[in-house]
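Hello,

Here is the structure I said I would pass on. My notes on the charged pairs follow below it.

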Amino acid sequence: MKIRYLFGPNLGALGRREPEHYGSETLDQIMAAVTDRGRALGHEVDWRQSDHEGDLVGWLLGAAGEGVESIVINPGALTHYSYALRDAVEGCGLPVIEVHMTNIYAREEFRQTSVLSGVCRASITGLGAGSYHLALEAMPWITA
């Protein structure tokens, strides 16, 4: 299965930004491990990160045409207010898993709302970098 991981604003700063919340691994390090695990499970994994909402919308809407079969997304702060991203998740025609490294429901009040979760097949929160690995393991259940 071809799986695309999408990362929103500030996730390119993993390893430097708030390591008490997000750990010390960089996004490159996390995704190298996820890609290796995906390969072991028979998946092809690619990933993209942008601090720009429009990039994420375009990548979502173009994914099926590129042969992508499933998407894992951590939209960062866009989680809480981006109806454009919500519409793109809903309109992409693919199963999508929303992932957050921290438990957004145990953080500040403004972080406890996801406008995307209602159109995602599943949500995984609070397991640090392991959240991305768990999304790989969930693929058989979200694509059935």
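E90 is exposed, its relative accessible area being 51%, and the cut-off for that label is over 50%. The model is a predicted one, and that applies to everything below. The side chain of E90 meets that of R86 in a salt bridge, with 4.0 Å from N to O. Both residues belong to helix α4 (residues 83-91), where they sit four residues apart, about one turn of the helix. R86 has a relative accessible area of 25%, so R86 is classed as partly exposed.

Side chains of opposite charge can pair when their charged atoms come close. A search of the whole structure gives six salt bridges, including the R86 and E90 pair.

Another one joins E137 and R37, at 2.8 Å from N to O. Because E137 is in helix α5 (residues 130-142) and R37 is in helix α2 (residues 27-40), this pair ties together parts 100 residues apart in sequence. E137 is partly exposed at 32% relative accessibility, and R37 is also partly exposed, with a relative accessible area of 33%.

R4 and D46 form a salt bridge too, and their closest N and O atoms are 2.8 Å apart. Here the link is between distant parts of the chain: R4 is in strand β1 (residues 2-7) and D46 in strand β2 (residues 44-49), 42 residues apart. Is R4 buried or exposed? R4 has 1% relative accessibility, so R4 counts as buried. Buried means under 20%.

R4 and D46 are also part of a network of salt bridges that includes R48 and E66.

Regards

Methods:
Residues are numbered from 1 along each chain as its sequence is written. This is a predicted model: local features need pLDDT of at least 70, side-chain atom pairs count only at pLDDT 80 or more; totals for chains, interfaces and linings use all residues. Side-chain values use heavy atoms; hydrogens and water are left out. Helices (H or I, at least four residues) and strands (E, at least two) are DSSP runs, numbered from the N terminus. Buried means under 20% relative accessible area, exposed over 50%, partly exposed in between (1.4 Å probe, protein chains only).
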